[in-house]
Amino acid sequence: MPHPKDRTKEYPAPLCRGDRAVYLILLLLLVSVSVLLYAKPVSAADAASVHIQSDGAESVYPLSEDRTVSLTSCGYHLTVTIENGSVRVTQSDCPDKSCTAMTPLPMSGGAIVCLPAQVIITVEREGGDDDDEISSADIILG
Amino acid sequence: MTMMKYHPPTSSSADTRHPARRLAMRGLLLCLALVFSYLEAQLPLSFLPVPGIRLGFANLVVTFCAYVCDLKTALSVSVARVLITALLFGNWSAFWFSLCGALFAFALLALLLTFARNTVSPLGVSAACAAAHNTGQLLAAAVLMKSAAVFSYYPVLLIAGTVTGTLTGILMILLLRALPPSVLVKAKKGTP
């Protein structure tokens, strides 16, 4: 019986130059996406309203008021709790349950997403960015 | 009493030049991919801090097809697995995400095996395809939900995808080393 050929000799060895290039590209992608997403986290003092998009409709609630929102989207029931200036999904009967494990907003600065239920929860502040504000002062000389 | 004389097969059982054998091989690999899909969905990974993570063993079968058989087999197994999983388990909300992810992963797999087969090892290919799979899923989610907010989940998925892709890449290398050539289709040298 012929000796089984080692098929790995037909391919480059693990962690060759090509592999290192792949990992470097993935790392650069990770860093650039993280910077784009989290460079400006929304602080609790600035955050004003919670936007919940589900089933094509959007509901808006003030972040400063504690409340519990029950919603049904795509056949799944979710419970969203707004408490102490943060919002999170406390209960969901979706098969994934990843939405209940996501970091409460606005600490994450991003969004809470439930893909099976097609629900997106974001926190938006009222008004424009601080960079757009121009402070004016009347100077009286004399 | 007549003794039956043993006639050894004239060609390897894995010789897929015959259409029937090719179909049988694809069927076997598709079944394997479906079983892996089902098993990894049962694994209780909720203890991990990363939500939505999957080990990606089904992708191991697709990569195996691409390396050992051909890209057409890999594509047919990948698409059929996504379709049959949705039919069997009734999770149509995830169908479009899975399909987009599978097509993204296959596109990158085809590119790497066509242009960088001698530069990138199965380890790098698996990691890159796992990351492409997650990227495709998020793109589908962004289009379907008409919101880019889903990308806040991207860094976590990218890390998880790279780790699981590395694991499946290691398994792929061990598999190629362990399986004897008599059960493998001979890969055409220099062509994907």
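Which strand of chain A pairs with strand 3 (residues 67–73), and over how many bridges? Strand 4 (residues 76–83) of chain A is the partner, joined in the antiparallel sense over seven bridges.

## Basis of the model

This is a predicted model, in which local features need pLDDT of at least 70 and side-chain atom pairs count only at pLDDT 80 or more, while totals for chains, interfaces and linings use all residues. Residues are numbered from 1 along each chain as its sequence is written, chains are lettered from A and ligands numbered from 1 in the order in which they are written, and side-chain values use heavy atoms, with hydrogens and water left out.

## Domains

Chain A has domain 1 (10–38) and domain 2 (47–125); such bounds come from an automatic or database domain assignment. Between the C-alpha centres of these domains of chain A the distance is 33 Å.

## Hairpin

Strands 3 and 4 of chain A make a hairpin with two residues between them. In the turn, C74(A) has a positive phi of about 55°. L71(A) has L78(A), in strand 4 of chain A, as its bridge partner. Strands are DSSP runs (E, at least two residues) numbered from the N terminus, and two of them pair if DSSP finds at least two bridges between them.

## Sheet

Strand 4 of chain A also runs antiparallel to strand 5 of chain A, with six bridges joining them. Here V80(A) has V89(A) of strand 5 as its bridge partner.

The three strands form an open sheet in the order 3-4-5 (chain A), with antiparallel pairing. Strand 3 and strand 5 (86–92) of chain A each have a single partner strand, so one side of each lacks a neighbour in the sheet. Neighbouring strands of this sheet are turned by 25° against each other on average, direction ignored; the axes are lines fitted to C-alpha atoms.

Key
Helix = DSSP H or I, 4+ residues; strand = E, 2+ residues; numbered from the N terminus. Axes fitted to C-alpha atoms, helices over the stretch in contact; angles between N-to-C directions.
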